[in-house]
Amino acid sequence: MHTKLFIPGPVEVLPEVLEKMATPMIGHRSKACAELQKNISEKVQKVFYTKNVIVLSTSSGSGLMESAIRCCTGKRAAVFSIGSFGDRWYKMAKTNGKEADIFRVPDGQATPPADVDAALATGKYDLVTITHNETSTGVMNPIAEIAAVIKKYPDVVFCVDTVSSMGGTYIPVDELGIDFCITSSQKCLGLPPGMSIASVSEKAYERAKTVENRGLYFDIVSLYEKAQKKYQYPSTPSISHMFALDYQLDRILAEGLENRFARHIEMAEYTRDWARKYFAIFPDERYLSNTLTTVTNTRGISVADLNAELAKRGFNISNGYGDLKEKTFRIAHMADCTLAEVKEVTDAIVDILGL
Ligand SMILES: *Cc1c(COP(=O)(O)O)cnc(C)c1O
């Protein structure tokens, strides 16, 4: 029996999307492949609401996160972390020998825009990282307010991790002034893991050209230039992912972005109400994620046992992340998931626990 995933990546992938992964190969330097990358780029620009260059990477999202902080930090990076994935960006900076400071709020809270303002006002930083949707805690940052502050500092390269939100919620990249916006295939886009996508502004590209030791595989200068000039990839990309991505982007645009975002909000509101009724919501209520809900384990149940029982019925949810394991659990409602499917899993939880 197939176990349906309600975890925040990888997500369920529709059979017809999986089938596209089995398309016969084409040469990566062929015209057909450049055409494929061009089509993907144009559709991704719509999902991201951007005119920036679209870069693909045969890696998970972490690859392009590392690329961003390594290639675009000249002086010093200000890393605003609200959880484990924000912390990861700081580790990437340090392990690449970059100067960086981390500004961390407790789990469940959002980044205060005033803190970003105060840090950037020191003039010490030329790059800032923000986690849009922190998957470890279920917080969605107030990105418009944060972006408004960052606009006051035009020399700062603005990097955003939208790995678990792009394609599931409205993120107008150009309006927000995001220079480097990163996502992964296996979350709200509803594809298998193994490819990440970013929009990169000319400002981020110009900065990267001045930075030494950018490495080779994740050098954003070469990824950007190949994509911009020829719709090509410096090495051999996962062409299978590209076939599936091209097809899935057609599906996403056919659903309509507004409809897709509304579907995510509907699923989120249902799941939050359910969580409030039987447990409690973990994050600050003002900043709840539209793509996953983190539930506080107020009943002291064994989340591991619950998941084992759910597996017998063909469902899989997520335990809390890191230190939040067993203290919380997470239900993802992203990509092509429907409200009816979310209800199936919450009904199963109620039944198993006898609530
Ligand atoms: C999943 C996730 C990542 C890591 O992405 P990978 O594709 O696994 O490398 C980073 N940030 C957030 C917010 C995520 O949800």
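A helix here is a DSSP run of H or I with at least four residues, a strand is a run of E with at least two, and both are numbered from the N terminus. The span I expect of a helix is 1.5 Å times one less than its number of residues.

**Ground rules.** I'm looking at a predicted model, where local features need pLDDT of at least 70, side-chain atom pairs count only at pLDDT 80 or more, and totals for chains, interfaces and linings use all residues. Residues are numbered from 1 along each chain as its sequence is written, and side-chain values use heavy atoms, with hydrogens and water left out.

**Helix α10.** I checked residues 239-255: these 17 residues reach 24 Å from first C-alpha to last, close to the expected 24 Å. Then I looked up its buried residues (under 20% relative accessible area, 1.4 Å probe, protein chains only). Among them are Ile239, Met242, Phe243, Leu249 and Ile252. Their cover includes α1, α2, β2, β10 and α11, with contact meaning heavy atoms within 4.5 Å. After α10 I found Gly256, with a positive phi near 95°.

**Around the ligand.** I counted a residue as near if one of its heavy atoms lies within 4 Å. Of the 14 residues there, Ser60, Ser62, Thr135, Asp161 and Lys187 come nearest. I next looked for polar contacts (here, N or O atoms within 3.5 Å). The side chain of Thr135 puts an N or O atom 2.4 Å from a ligand oxygen. For Ser184, a polar side-chain atom is 2.7 Å from an oxygen of the ligand.

**The shell.** I noted three residues from α3, the largest share.

Terms used:
A polar contact is a pair of N or O atoms within 3.5 Å; within protein, one must be able to donate a hydrogen and the other to accept it, and residues adjacent in sequence count only if both atoms are side-chain atoms. Buried means under 20% relative accessible area, exposed over 50%, partly exposed in between (1.4 Å probe, protein chains only).
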